[in-house]
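Good morning, and thank you for coming.

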Amino acid sequence: FIKEGYTMIYFDNAATTKYKPDEVIEALNYYLREIGVSPGRGSYSLGIKASRMLYKSRTAVGKYFGMSSPEKVVFTKNSTEAINLLFNGLLKKGDHIIISCYEHNAVLRPLHDLKQKGIIEYSVISRDDLDMCAEDIFAKYSKDNTRMLALTLVSNLTGRIVYKEEWMKYFHSKGIITFIDSSQGAGKMIINMKDACVDFLAFTGHKDLYGVPGIGGLCCESKEHFIPLIQGGTGIHGENFVNPDIFPEGYEAGTLNMPAIWALKAGIEYIDSHADEIRTTEKELMAYLLQGLSEIDGLRVYDVDEKRVSTCCFTLDDLSSDKTISLLDSKGICARGGIHCAILAHEAIGTVETGAVRISLNYKNTKAEIDQLLNTLRSR
């Protein structure tokens, strides 16, 4: 699939990290080769070993996110399912939710669906208000029926860090549920749910945690009860006509993706042992990219002065985002254009009509690869 004469350059890590650590691939293969059975589905020794591996994986995720009870992790197939599980299972008629203008459609759409059904209402924090203190945000956006503050950790469009720990603590102190969508940035930033007063956190494995597609989950620091999203086999209390009221198995009906779960554990352990290298390298690469982009005529980078991770987006005055992507693809450069499953964010930065080109780096990228991107844009 590589264009003749070019080596592929991958700049779409915000969608999926293409290059996984060897430890992740080895863990995936080990589970498939040596284990190959489902936890909780048999009392034989291999099934018990699978159950122990599941527990180790839960606690690895929970410890990474700073949970007081690391085992309180519900595994899903991705963060979208985790978000739907929480919103549909927890929110009640008459609830009001506060979100930011940078939320991914995975947050917006289930909330808007509940709004259209007449169940909840929500308010959107404007881009101009994102630097306000917690007290002012609370005063401006909260209502008597506000039930939850839901924030993305990082914008999947511009790379801007949206999460505010002070907001979490303040709203939590007011008895409002706090939620983070960490799909972007989970492996690039440290979040301690207990210390930051984060009640729920959704994560996905295939992006910054270096796992493979098909695994995500919901970290539950809060003791709030919510309803399972789906009913089915849970491996325990098979005599019940509905899912047993047992955490977390009651929320995990169906066969878990254990090869991906075990690989996710390996990805998290890799991040823990390489955190300084990953963050330092990506920070240097992003600074290099932003400097180069700033020198190209007719190019605008969005949220350029905001705190960010290694993702950015831009538009060109003389080239649409889809044509820019085609140009880059002709040189073997993989990037993403258009509307990035975040319509609120596009409205906030004014790119609904034009779309935007997103470049999302990984610490495996190089300055030489960035130079090829910059030279292609300069010579358009």
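Helices (H or I, at least four residues) and strands (E, at least two) are DSSP runs, numbered from the N terminus. This is a predicted model, in which local features need pLDDT of at least 70 and side-chain atom pairs count only at pLDDT 80 or more, while totals for chains, interfaces and linings use all residues. Residues are numbered from 1 along each chain as its sequence is written, and side-chain values use heavy atoms, with hydrogens and water left out.

Helix α9 covers residues 321-330 and helix α11 residues 367-378; they pack at an angle of about 125°, with their axes 10 Å apart. Axes are lines fitted to C-alpha atoms, for helices over the stretch in contact, and angles run from 0 to 180 degrees between N-to-C directions. The crossing of α9 and α11 is right-handed, that is, the near helix is turned clockwise from the far one by less than a right angle, anticlockwise being left-handed. Here T324, L327 and L328 of α9 meet L373, T376 and L377 of α11, where contact means heavy atoms within 4.5 Å.

How do α3 and α4 cross? The axes of α3 (residues 79-90) and α4 (residues 105-116) come within 9 Å and cross at roughly 30°. That makes α3 roughly parallel to α4. On the α3 side, the contact is made by T80, I83, N84, F87 and N88; α4 contributes A106, V107, P110, L111 and L114. This crossing, too, is right-handed.

I turn now to the sheet. It is open, has seven strands in the order β2-β8-β7-β6-β5-β3-β4, and its pairing is mixed; two strands pair if DSSP finds at least two bridges between them. Strands β2 (73-76) and β4 (120-125) stand at the edges with a single partner strand each, so one side of each is left without a neighbour in the sheet. From one strand to the next, the twist averages 20°. Within the sheet, β3 (residues 95-100) and β5 (residues 146-152) pair in the parallel sense over four bridges, and I99 stands opposite A150 in β5.

Finally, helix α3 packs on this sheet, touching β2, β3, β5, β6 (177-181), β7 (200-204) and β8 (216-220). The direction of α3 makes about 155° with that of β7.

Notes: Parallel < 35°, antiparallel > 145°, perpendicular 65-115°, else oblique.
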